[in-house]
Amino acid sequence: MPDEIKPPAPPPPDGDAKPTADEPAILGGVKATPSGSVQADDKLPAEKPAAPAVAPPAKPATPTATSNATPVAAKPAAPAKAPVPTPTPWDSPMIAKLKGSYGSGIEPLTYAGQNYMVVDRSLIPEVLQVLRNEEQFDYCVDITALHYPQREKQFEVVWVLYSFARNERIRVKTQIADGATLPSSVPIWAGANWLEREVFDMFGIKFDGHPDMKRILLPDGWKGHPLRKDYGILQQDNEWVQINLGIESGQ
Amino acid sequence: MTDPNTTLAHVDIADLAAHDKTYLDANELVINMGPQHPATHGVLRVILRLDGEKVLGLECVIGYLHRGVEKIGEHRTYTMFNPYVDRMDYVAAVSNGLGYCETVEKLLNVEAPPRAQHVRVILTELNRIASHQLWLGTHALDIGAITPLFYTFRDREEILKIYEKYCGARLTTHAFRIGGLQYETYTGFEKEVKNFLNFFRPKIDEYEELLTTNRIWVERTKNVGAISAEDCIALGVTGPVLRASGVKWDLRKAQPYANYKNFDFDIPIGENGDTYDRYLVRMAEMRQSVRIIEQAVDALPEGPIMAKVPKVMKPPAGEVYHSIEAPKGELGYFIVSDGSTQPYRVRVRPPSFVNLQALDLMCRGELVADVIAVIGTLDIVLGEVDR
């Protein structure tokens with residue numbers, strides 16, 4: 001199973017008639033030649049770079065067209081260098097209040113119009129409590145994690161929170177080292193139960209105080225945490241498979 | 001999770017022994033509603049703790065359909081991952097595709113052109129109708145009303161025919177592309193959609209005629225599996241379940257995406273949060289979807305269907321969370337890009353997974369037959385729960 005497949009060759013020039021039911025679009029710009037081999041066609045009606053590059057809606061912290069600045073040339077010309085979007089700081093009355101209480105432990109940023117804050121591990125149950133009780137973020141949308149093996153603090157746990165009253169969605173992130181645990185958010189949001197179990201299952205991050213800290217998607221006896229970057233895409237717990245399924249882990 | 005201390009009064013073991021009762025008279029029975037079961041809508045295992053026929057608590061064991069989609073996402077390019085998302089909630093594949101494409105478009109900072117967004121809305125709302133039809137058929141079947149199954153599946157065929165003509169597939173459609181659409185609508189698309197709407201409007205009335213005032217249906221579903229709005233919000237339950245509990249919240253109105261703000265539609269809500277209300281909410285949603293499609297089909301703009309998106313997609317490093325109102329609830333995608341052609345992390349926030357947590361709370365004190373009704377009313381798809 002190839003992990004990386006190079007996408008088909010050069011970007012197409014301006015296409016002609018748009019495909020209709022009579023002239024179906026050619027998938028992927030590939031069609032059979034008389035000799036039977038399949039080649040990328042130069043005159044493709046598939047992509048229509050016609051009309052103006054859709055002006056990206058004004059969002060804070062995003063620059064003008066990044067990838068849509070690519071000129072549609074017959075040859076793969078270098079795209080116009082656009083400034084790389086980076087997260088920029090975000091302020092609001094809520095942030096001012098939180099910063100007042102916690103100072104540098106909270107770093108509020110915004111990217112692509114979405115607000116988030118990077119919070120120090122030590123502040124974690126407290127900030128979430130405050131967000132729920134005082135700032136009305138009563139709906140815990142999602143809890144997930146990211147694994148950055150090169151960093152010293154390898155894991156980044158993300159809470160996505162939404163407030164019905166304010167119709168606002170934010171993310172709270174914190175960084176923890178391998179082996180560290182986090183306090184469970186189940187006392188704050190009951191829905192965090194299965195979400196934290198899944199984070200444990202996939203990453204191995206334990207949550208203290210969780211009523212039922214065990215695997216949820218993988219079988220109970222499985223060893224390994226698949227979404228970590230050091231777990232292979234084809235890797236399995238061969239021991240478990242052999243014992244429970246009685247087969248050689250077959251790929 | 002079941003807490004043994006919250007339910008029955010303590011039973012004196014000595015008392016049991018003294019009266020020479022058998023173990024079958026013990027008050028608690030743990031029964032397994034195994035992964036293979038015709039009414040669990042997929043491979044869902046429910047371990048029930050029963051007192052006779054009454055449920056004291058239950059625990060769901062899931063993961064039988066776990067396919068590692070999130071891990072796969074890290075090893076495929078953005079375009080290559082697109083077909084995978086259809087397979088999660090395989091009933092509403094078009095919605096999944098919409099959510100994913102929109103999230104990547106946010107990462108790339110492009111917006112699909114208006115015509116593409118319009119067609120997307122039409123196809124997504126058709127998908128909502130199809131998903132609710134399948135829900136209705138299977139839910140009624142579980143409860144014992146067999147006829148609606150045939151009606152809804154027969155009528156669903158018309159939608160699937162439209163999909164087949166549009167993109168070649170009925171179920172896992174891969175209808176959308178990052179940046180817009182791949183295929184232009186076929187000649188006769190608007191006409192066929194309008195025909196479908198005219199065909200379908202009396203059908204909803206037909207389904208309602210079969211069930212809404214049907215005494216058996218009402219008895220089986222009223223006050224069954226009730227959940228309050230506070231519990232829904234605390235558990236993160238979204239979609240028709242939340243709306244039936246009285247919370248008037250729909251992502252299409254609260255955080256509009258894909259030009260839903262141009263359309264006029266209502267958000268149906270219920271009062272009691274029981275199974276009957278969820279049924280009514282979904283029937284009303286089908287009517288509202290018809291309304292949206294009507295407006296969309298009349299106002300289909302001309303123009304390109306694909307925005308300028310590079311062939312080799314390398315979104316700038318960053319992360320985006322975007323969610324849509326799937327037929328089942330809030331379907332969210334959290335995609336982290338590290339600047340390369342493959343995402344660093346694709347997280348899918350499945351509505352069925354989070355909604356299924358509520359099953360325990362909703363089934364306390366109900367009978368076993370009601371557990372079946374509640375599983376059906378939650379409208380879960382195991383492909384999405386397990387990914």
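Student: Which residue is the bridge partner of A:Ile143 in S7(A)?

Tutor: In this predicted model, the bridge partner of A:Ile143 in S7(A) is A:Trp159.

Student: What makes S6(A) and S7(A) count as paired strands?

Tutor: Two strands pair if DSSP finds at least two bridges between them, and eight bridges join strand S6 (residues 139-147) of chain A to S7(A), with the two running antiparallel; the pair therefore meets the criterion.

Student: How do you know that S7(A) pairs with S8(A) as well?

Tutor: The cut-off is at least two bridges, and nine bridges join S7(A) to strand S8 (residues 168-176) of chain A, again in an antiparallel arrangement, so these strands pair too.

Student: Why is A:Val141 called buried?

Tutor: A:Val141, whose place is in strand S6 of chain A, has 24 C-beta neighbours inside 10 Å; the term requires 20 or more, so A:Val141 counts as buried.

Student: Which residues does A:Val141 touch, leaving aside those up to four places away in sequence?

Tutor: In chain A, A:Val141 touches A:Val160, A:Leu161 and A:Tyr162, and in chain B, B:Gly236, B:Glu330, B:Gly332 and B:Arg349. As for A:Leu161, it is 20 residues from A:Val141 in sequence, yet the two are 5.3 Å apart in space, C-alpha to C-alpha.

Student: What are the domains of chain B, and how many residues of each take part in the contact between them?

Tutor: The domain assignment of chain B gives domain 1 (4-61) and domain 2 (69-386), and the contact takes 15 residues from domain 1 and 18 residues from domain 2. On the side of domain 1 of chain B that touches domain 2, the elements giving two or more residues are strand S2 (45-51) and strand S3 (54-61) of chain B, of which S3(B) gives the most, with five residues.

Student: What is the make-up by class of that side of domain 1 of chain B?

Tutor: The side of domain 1 of chain B that touches domain 2 has nine nonpolar, four polar and two charged residues.

How values were computed:
Residues numbered from 1 in each chain as written. Chains lettered and ligands numbered in written order. Predicted model: local features only at pLDDT ≥ 70, side-chain atom pairs only at ≥ 80, totals over all residues. Helix = DSSP H or I, 4+ residues; strand = E, 2+ residues; numbered from the N terminus. Buried ≥ 20, exposed ≤ 12 C-beta atoms within 10 Å, placed from the backbone. Contact = placed C-beta atoms within 7 Å. Domains from an automatic or database assignment. Nonpolar A, V, L, I, M, F, W, Y, C, P; charged D, E, K, R; others polar.
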